[in-house]
Amino acid sequence: MAGSTPGGGRPLIITEDPLLLDDLLRLCAAAGAEPHVHHGLPEQAGAVGAEPADPALGPEADGAAGSAGWETAPLVLVGDDAARRVRGAPRRAGVFLVGRELDDPRVWQRAVEIGAEEVLRLPDAENLLVDRIADVVEGAGRPALAVGVIGGSGGAGASTLACALALRAARTGERTILIDGDPLGGGMDVLLGGESAEGLRWPDFAASRGRVGAGALEESLPELHDLRVLSWDRGDRVVVPPAAIRSVVAAARRRGGVVVVDLPRRVDEAVAEVLAQLDLVLMVVPGELRSVAAAGRVAAGVRMVARDVRVVVRGRCPGGLDPEAVAGLLGAPLAGEVPVEVGLPGRVAEGEPPGSQGRSALARFCDGFWQRALGSAQGVPA
């Protein structure tokens with residue numbers, strides 16, 4: 001390991017502390033990474049790569065600026081014991097100062113001197129560090145745009161909209177994962193006509209501990225209509241711990257694209273874990289006063305966790321409220337109006353997923369939403 005070349009998804013470890021090195025090697029193994037290890041640095045401050053024979057750090061003649069391993073490794077883990085010896089290295093992103101006893105107030109000064117992004121103390125930061133290393137291994141870039149859909153009242157059509165949004169996103173060529181966040185909702189795979197499709201469902205993740213690999217998750221889920229679906233099954237209800245739900249949603253986002261989550265109306269600890277990772281929540285509300293009153297209570301719970309909540313008005317009831325009035329009563333921006341689509345329940349029963357017909361009102365709403373959302377620099381439509 002010490003003689004291999006860093007880079008190409010392999011983190012660089014710099015430490016002379018054998019116990020810390022053991023810890024870091026163990027965490028790299030947990031993340032599926034094979035690191036390059038550089039230790040035994042000479043007593044020469046600012047001379048990362050003072051050993052010309054070590055390809056990890058480059059020629060001494062160029063000083064710190066010539067440390068090729070330092071500059072090209074996607075992630076650099078510097079032991080607190082070695083911080084003073086890398087002070088002359090070029091500033092770069094992805095440097096972390098790591099140690100086991102970091103109560104010394106001077107550790108923050110050393111972190112600034114080497115341009116470290118964070119100071120991580122083991123074992124407290126082990127999970128965070130494994131995530132960082134695994135991101136490198138998996139080539140994580142910009143996370144997926146994560147959109148939740150929740151009904152403001154019963155029968156609002158949130159699951160239908162969530163399914164249609166995912167289907168239309170997949171048809172634009174976006175990597176798309178549809179997540180069923182409602183264990184009592186009957187299963188999003190049913191809406192897509194794939195209840196018998198092979199692949200994992202939520203109960204299979206009930207025993208998950210720690211990080212879930214993004215690639216492994218995606219490959220394990222049923223693929224229906226060019227998107228991946230994580231649904232509940234039709235067996236006895238299995239409680240999936242909030243920590244496992246958090247890890248699964250984080251893995252779904254890690255490879256970019258689009259993640260759509262169908263949310264239950266009751267916000268418990270598990271739902272809060274999902275809401276915290278969403279960029280936007282669309283609340284579907286029928287345009288009548290009783291539904292708006294119910295939606296107000298749902299919105300109050302969602303806003304405690306979600307960063308951005310917007311209203312989608314579904315249909316107009318005779319003598320009901322117009323979309324702007326509904327959004328105004330709820331104190332949330334209006335994301336748009338989805339007319340009630342005649343004949344949709346029958347087509348779904350025959351195996352046609354919501355949003356399949358490109359000229360339908362539902363499909364047009366979803367296409368317009370994604371054009372704004374994916375075209376925005378922030379990933380969220382104004």
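Two strands pair if DSSP finds at least two bridges between them. With that in hand, here is a tour of this chain, which is a predicted model: local features need pLDDT of at least 70, side-chain atom pairs count only at pLDDT 80 or more, and totals for chains, interfaces and linings use all residues. Residues are numbered from 1 along each chain as its sequence is written, and side-chain values use heavy atoms, with hydrogens and water left out. The chain holds 13 helices and 13 strands; these are DSSP runs numbered from the N terminus, helices being H or I over at least four residues and strands being E over at least two.

**Overall picture**

- The chain has 382 residues, and 53% of them count as buried (buried means under 20% relative accessible area, exposed over 50%, partly exposed in between, with a 1.4 Å probe and protein chains only).
- Its accessible surface comes to about 16,700 Å², and carbon and sulfur atoms hold 51% of that (Shrake-Rupley method, 1.4 Å probe).
- Among contacts with a separation of 6 or more, 67% join residues 24 or more positions apart; a contact means heavy atoms within 4.5 Å.

**A look at strand 11**

- Strand 11 is mostly covered, with 8 of its 8 residues buried.
- On one flank, strand 11 pairs with strand 6 in the parallel sense over 5 bridges, and Gly148 has Val281 of strand 11 as its bridge partner.
- Strand 11 (residues 280–287) also pairs with strand 12 (residues 309–316), again in the parallel sense, over 7 bridges.
- Here Leu282 stands opposite Arg310 of strand 12, and Val285 stands opposite Val313 of strand 12.

- Strand 3 (residues 76–79) and strand 4 (residues 95–99) pair in the parallel sense over 4 bridges, and Val76 stands opposite Val95 in strand 4.

**Nonpolar cores**

- In soluble globular proteins, nonpolar side chains tend to be buried together.
- The largest nonpolar core has 44 residues, and Ile179, Trp202, Leu263 and Val281 have the most contacts inside it (a core is a set of buried Ala, Val, Leu, Ile, Met, Phe, Trp, Tyr and Cys residues joined through side-chain atoms within 4.5 Å).
- Helix 8 (residues 242–253) gives the largest share of this core, 6 residues.
- A second, separate core of 37 residues includes Ala170, Val229, Leu280 and Val284.

**Backbone details**

- Most residues other than glycine have a negative phi, and most peptide bonds are trans.
- The peptide bond from Leu122 to Pro123 is cis, with omega near 10 degrees; Pro123 sits in the loop between strand 5 and helix 4 (126–138).
- His225, in the loop between strand 8 and strand 9 (227–230), has a positive phi of about 55 degrees and is partly exposed at 33% relative accessible area.
- Asp226, in the loop between strand 8 and strand 9, has a positive phi of about 70 degrees and counts as exposed at 58% relative accessibility.

**Confidence**

- The mean pLDDT of the chain is 84, and 86% of its residues reach 70 or more; pLDDT is the predictor's confidence in each residue, from 0 to 100.
- Residues 1–8 have a pLDDT below 50, and beyond near neighbours in sequence this stretch has 20 contacts in the model.
- Residues 41–68 also have a pLDDT below 50, with 66 contacts in the model beyond near neighbours in sequence.
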